[in-house]
Structure formats: structure tokens, C-alpha cells
Amino acid sequence: MERAIETTSKLGFMLRDLEYEFCSRFADELLLQDRNAKAIGSPLITSRAKLGAFIGEGNKNFFQYSALGHVYLLLRILFAEIINKVRAADATLSEDQINTAVIQQLSRRDTYDNYKLFPGEISASKLTSTACRTLLKFKIDYKVCSFYNLAEWRSYKDAAQSRFTQRPSPADFKIIINDNNVFIPKVFNTMPQNSESLSEHLASILRLRQTPGDPITSDTQDNCLLSDNEIISLATRHDLPIFVSIDGSLLSDGTASVSVNLIAPDIRHTDQNMEWQHRLAKILLGRSWKLPKRQMIRQVKQGIDQSIANHLEFLTSQWIPESQLSQRTKELYARGEEVCKLWASNKLLPSSSHSQPGSEYQASELDNSSKHSSCSWENDILSINSDSETENPPDALRVPTTRYRFGTDMYDLLGRNIVIKVFSHQLNKDFTIKTPGRLPKPNLFIASANQIADNTATIAHQISTGPLNHVTDVSYPAFSSRWCFTFEGRVTNKGATKVLQTKIDEELFLRKQHREKQGLFHRLFYFNGLRADLIGDESLLRNIMKQTAPCWTRCLYRHPPMVKQVYDQWWFEQSSEFKENNPHKKDLDLKYWKKDPITREYIIKRCPFCPPSKRMSDIRSGNLEHMHLYCRNASLIKARNFCNEKIEQAVHALYDFASTRECNLSFENNSRTSTLQETLEQIAVDIEKQERPVFRNNQIVMEARTVNKAILRRSDIQYSIVNQKLPEDKLLEFDQFPLSSRLGFLHALPEQEFDIGSAPITDVAYSGFFPKAILKELHHYARIIRTSNEDDAEFTTLIESLTTAVIYKSIVVQKVIHILLADAKALLRLLEKERTAKSINSASSCASKSSITSQAASKYQSTSSSIPQLCCATKCRLLVAQGIRKNPMTCTTNRTMCSGCLNENLRQRKLGRLENETLEDTTPNANLEP
């Protein structure tokens, strides 16, 4: 147990015993103030740029606040001493008085000065302020769980007993749980004790009670609200279980509300059967509550929903057993089940000709030939003729939807609870049918009851409530289990395992963001229109987006022998005068070449595909962004121009479609720009100046450009060229592809100002990134076309053409880079052989002049004719990394791998082939029998 607590606490998950609820809350509150205790996934961690993918053991500072840490244990001792001191001072105090006295002791600084539990570690003033904050959260949690600011609405007597249907308004709601009667927990009680007391307190406020001395009157002259007796009487007039409608509402800011309503049928004296099911329902009692916002703990919603579920489970455990129910109650439930089965089979009992006004469609579409009455309900409900089913609407009014239906899968018989699920919004807010020509299912009574709940749930957001609207989360919800984990001071009531998994994923995501180049995909994740599942796990596009695709610099890092080949070739090409003046550079130690900036940038990493530069300042590194955007190789320029032309044609096709649709003119003949073009170009300009995470000084910060640098007008490009800030080819590129340049698919940034660590999504379109805002606007335009009853198939095809052109540009250019790299590697090997041959010839000539024996010369030639190359394959690299071998093995003749790596590679290929053959094997089972 100790090992488990230590392991989980280092990651920020604290195991708590809610038998000591206040002490657990106190320890968590102190933990939140400890700057050295940073949990996994915390935004306060400043060293992520130095961390790898390994999560590690966590932070040891958490253990002192755990169930076995000295802070928590000393708090328990302190709390027990305070309670004993209060009770010893006066044995006649009640529990409420003891609770008040303990709270006063905890809120005073003298208490902590006297005990001196944490000398030099936690000051008395800090303990006092933390205790006050803990007490405040303690009270607020139970205040929220006691449905603080619960609003109630009751119908008037005349509305309930007449044909008039009263509709609730926000002004008619009354707050029934406020500061005067809210539940106050006791700090010395356990969580189960406080939770049960909370349940009893709510029952005393919310439960409807039938008082025998309160007769039901029919006098409506005094227009007063319904009493509890009258509500229960009206709710059971149909001789069925009570109907309760429940619904919720959710605003865009995350605020939710719930409404529970007692519904009664509109039964009239002239009714001969169940005509009430074809009339609007009457609301007798409604209670609405606006829930606090739920706290997001790394994509896991932590709120009071689990607390409410546990509360309901506690209440149901106190119900009367079914064996003790009266015979009448059992008959009511049996009738309710039969009614649900009848509605599910679409066998509605007929309505009378005295239906309410405004429902004439019912009288004409329902068969009213039945003579069944409520007196013979139990005997005759199964014998109703199926011809009484409502007729289908005419074909002209038929709407292709499944909302207006009710079947056997839409109700559940859960013992004494019958749950009916209804498709919402069959009616409007004023209870008129939303879709003309359709009939509410299963009937008007049930559909209107659902609409009542929907209306009252919406009204809950408009009710004026008390000062608890600012509460956004609950730290310790009531009815939590005794043993539970807390994270960041909140109980993980959705499961600590789920929170841990999401936290690990987020920690890895944050660590990847802290890598300058490889973190680009994760920094721009929320700005990219392509989801991760569309990119693929092992694809070329994925490698380009994550900046791990092959380029010149990456080849140098992955194949170390290339570094010596590049340097030797550079030395071989230098003049004799340079070699005589710099003899120390001939045998330069390249083991630490990355630490020498001149050798690294101007010799080793220099792009081999660009033309020779006259100035050292013009030499560029052959990294991925240079080769995709700026390299002057003829093949790369041709590939980029080809792909840019495809993007330009795709954008032109979109604009031509919009121009033809809006002005009935082609794009070339239209002197005005279409609304689509104007919107997209404005969005592109705004995207570049959008705030985004950037990598700066080994930290992730939010930053935004104040002016546009990548998307410029033609005049701005000309001005920059005059001031020698941009090369002249940028103007030629803009003139050749103007539409793509205005959307940011081609930017005007010079190479010396291009910074991939702070680049917005408009700067990295070369990697296949497609701006989400532009893609969203294109789909919005497609929805406008659909709502205008036009065919959007052509426009959708044009959108796919544009996205395909942008994505395949990066892939096509990368394929060209692959070819160039292969040629460069082959050329380096060829030049190395030529240099070796020349050195051998010079050595043999020197040997003949110095009269060295021919036998020694031939021996020197045979040993020097081939320079062994070190293997750089995966197996050798792993053996060296693990310390099993000091150096990699040498490659075999005419191979780039050693014999061991060749055998391992062949084995892996054979294994993969066998797996594919096994999966493709379709031999019948009969042939496999012995």
C-alpha cells in the first residue's frame, strides 16, 4: 500500500480517505500552493525542452501531502486536538455549536502559533489563510450539491381545473433553496455522514406531503397556487402512475440546466375514454436548476453528475420493497406498462369529438368508434382494434425524418419506474407542430410534456439567482466513495485511470511542442484542417508535417560516415594555396563537428543542390524547409512550379464557380470579386495575425504578428525588392500565381526571416498544412448552396481538388528530394573511390622512386585499395547505444550494411511475408481437420 501511494503521488494522484474529509481537503489545498509540486501535464513545468518521451518517476514533493506524508498526518493530529479541546471545554454543546467552535479555531492564527507543527516549513499565516480557503470550498461544495438556487413553479388552481393551459414564465419561479435553508456540513463528520444528512435535509424541503387535514377545494375564486394535496390528486386522476417529464438545456458557454416537472392529463367531464392523450399536457409543478460549470481535467469532465447518481442510488435503496407495495399500486404499474405497449404498437385510443380547439387534425385522422371507458380499462385494453391507428399524412406533406415515431425500443420497464424516451422538438415552444403534416408520437400528451420540460429547462438560465453563479467546479462532490484519488485538488470521480491516461497523452503532446521543428505539427494542431487520422500513421505526408522527412541535414545525422565524405570532398576541391596555408584542416577531427559553427554551417550542412555562392552569407543549410521553399536546384524549381500551377487552377475553379453562381459571369469576365473570394482572402490575412503557440527561448508562449509578413500585396513586394529585403523572383512568383499568394499558399518571406519555431500556418503550407479557417469557410459556402436547394456536388469536388493539390505539392517535392539525395550519396561514394585511387597512385609512384621493393608496394596497395565503411543499420546502432559493442561492424563488400544487419533485415522481411500469407490464407476448416 505504501509503495502504491508513493508511486501514484509522484504523478500528482493523491489517495484520500474521506473518513477524514476536512483533513484531506486541507492537505490538497496546501499542495496547490506548493510551487515545487508540479503534476504531470502541468503548464508550470519549465524544463520540457530538455525532457524526452520517457515520463519518469514523477515529482517527489507530492509524497509529503499524501496519506503517508508528514503534512497530512500532522494535520490529522492537529484537527483531533482541536475537536477534543472544544468538547472538553463544554460537554453540553450541541453538534452545531461544536461545529461553529471548531471552525473558529481553525480560522485563527493563534491556533497554529501554539502548536507549531511545521517550523521553518509552513508559516502560521499561510496555514490560517489555507484553512479559511478550505472551509469556504467545503461549504460551497455542499451548497452546490444541495441544489442551491433551485427554483420552483406551481400552477394556479383555476388553470389546473379548467381548459386553460398555463405556461411558466421566469417571473413566476420562486427560489426554494437559498442561504436561509441551505445545508451546512459539519467539519468533524465523515463524507458518508454529511452526505446522508444532506439527503435528509433535501427530503424535508422537496418532498410533497399529503396532509389529511388539508381538504381539496373546488373553489377557484381565490386564485392561489396548488397545494401538495391538490398536486398529488390532479397527477393521479388518470388512474395511471404519475407522469414526470425531465429535460435539460446546454448553452454555448458550457452552462447546463435541468428541469423536472409533474404533468397531469387534461381530463374533462364530457370525456368517455382516454381523450386526454390527444390534448396538451398540464404542468402542475416544475423545478428547474442551473448546474455549475464542470471542470475540465484534461478532456475528462469532473463535476457533480457522479454525485447526483450516487445520491439517487442512496435514495432508491430507501424505497419500500416491492413485496410491501399495496395491490392498488401494483395495478397502477401494470396499467402503465400496458399503455406503453399500446403506444409502441401505434394503437392510440380514439379521441372524442369534443377535442380542444386547435387540434382539428386529430378528429379527422382518428377513428372514434371505440366505446371503451376507463372503468373497463384492465379487461379491454388489449382488445382495442388496430384500425384506430392514425393515418399517414399525404405524400405532399410527408417529410423524410424519423423524429415522429415511437416504438418498443423507446421505453424501459424498470420495476416501479417506467422510462419513456421521446424524440424532442416535435413541437415548437408554443406547442404547435414543428413540421406541418406530421403527428406527434406517441401522442400529443407525451410530446407536449417533453416540450414543457424543454421550455422550463431553457427558462432556468433566465431566472435571477443568488451569488453562486461564479462557481465553476466542485472539488469534493457529496456521496463520493470513501477511498478515492484527487488530482489538482479535485476528486477524480470519473476514474483516476482515465485521468492518468489523458494526462500522459497531454504531457507527451506538450513535450513534443517544445521541439523547435518536430513540434511544429503539435503547435499548429488546432489550426490545421486535416485531422490526424486523415494524415496516416506511417505515411510520407506525416513525416513531412512532423519535419522528419529525409533532407540533406537529416541524412548527415542518420548516416555519420557522410560527414567525413562531405568534408574530404570539400578539402579535395580546395586550391593548393589554401591547403598550404591551412594544413591543420586536412585531418580535422570530425567527432565534434556539430560544435564548430563554421564547419557545421558552411561546409557540412551546406545545401549541395544550390549553385555555388560568392559570399558566405549566401550559403544556406540543406534542411527540409530550405529544400521545399528556397533551393535553386532546377528540378526542385520545376516541381514547385508544377504544383503551384495545380493549386492556382484549383483556386481559380472555386472562384469561377462562385462568380458564375452569384453574377452569372465567369471569373475572367466579372469585374467584381465574388463574396467567396473576398471572404477567403480576408480570412487568410487574419490567420497570419492570429495568436498561436510559438517556441521561443526553450518555452512555449502565445504570440501574434502585428502586421502581415507572409501575405503581401504586389506593391508591398515591389517595395521590399527595392529595399533589397526580398529577391526578385518573389514578384515573378506573385504575378504567376496571384490567387494562391493571396490565400497564403505561397508566402513572401525571405529565407533569412523564416523561423519555423514561430511560424503561423500560412508560413508552412509547404508541409501540407491546410488552414482550418479556410476549409471551414469553404464548407460553409457549400451549406449555403444546399440551403438554396442547389446541388453542391460540383463545389464539394472543387474543394477536394484544392486540398489534394495542397497536400500533393509537399509529397511531389519530397519525392524529387529523395531522388536528389540518392544521387548525392552515390556521387559522394564515387568521388571517395576516385580520391582513394589517386592517393594509391601517388603512393605507388613515391615508392618506386624511393626503391621500395615491389612486394611491399603491392602489399600496401592491397591493404589500402578499399577503405572499410562502418555499418549504420538499426541493429548495429542499438548494440552501440546499449554498450554491447564499442563501434559498429564494418560493411560487407558492395553493401551498406554488415553481415549481421543483413541477416536481421532478411529475417524481418521473411517474418512479414509469413504474416501476410497467414492473414490471406482462406483454407476451409474442413481441410484442416485431422
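Reader: How many contacts beyond four places in sequence does the model have for residues 350-401?
Author: This is a predicted model. Over residues 350-401 the pLDDT stays under 50. For that stretch, the contacts beyond four places in sequence number 72.

Reader: And residues 925-930: how many contacts beyond near neighbours in sequence?
Author: Here too the pLDDT is below 50. Beyond near neighbours in sequence, residues 925-930 have one contact.

Reader: What pLDDT does the protein chain average?
Author: Of the residues, 85% score at least 70. The chain average is 82.

Reader: Is L802 buried or exposed?
Author: L802 sits in helix α30, residues 793-849. Its relative accessible area is 1%. Buried means under 20%, so L802 counts as buried.

Reader: Which residues does L802 contact, leaving aside neighbours within four places in sequence?
Author: One of them is I647. In sequence, I647 and L802 are 155 residues apart, yet their C-alpha atoms are 6.2 Å apart in space.

Reader: Which are the edge strands of the open sheet?
Author: The sheet has five strands with antiparallel pairing. Their order is β3-β2-β6-β5-β4. An edge strand pairs on one side only, and that holds for β3 (174-175) and β4 (243-250).

Reader: In β6, what is the bridge partner of A151?
Author: Strand β2 covers residues 151-154, and β6 covers residues 282-290. The two run antiparallel, joined by four bridges. In β6, A151 has as its bridge partner S288.

Terms used
Residues numbered from 1 in each chain as written. Predicted model: local features only at pLDDT ≥ 70, side-chain atom pairs only at ≥ 80, totals over all residues. Heavy atoms only, no water. Pairing = 2+ DSSP bridges. pLDDT = per-residue confidence, 0-100. Contact = heavy atoms within 4.5 Å. Buried < 20%, exposed > 50% of the residue type's maximum accessible area, 1.4 Å probe, protein only.
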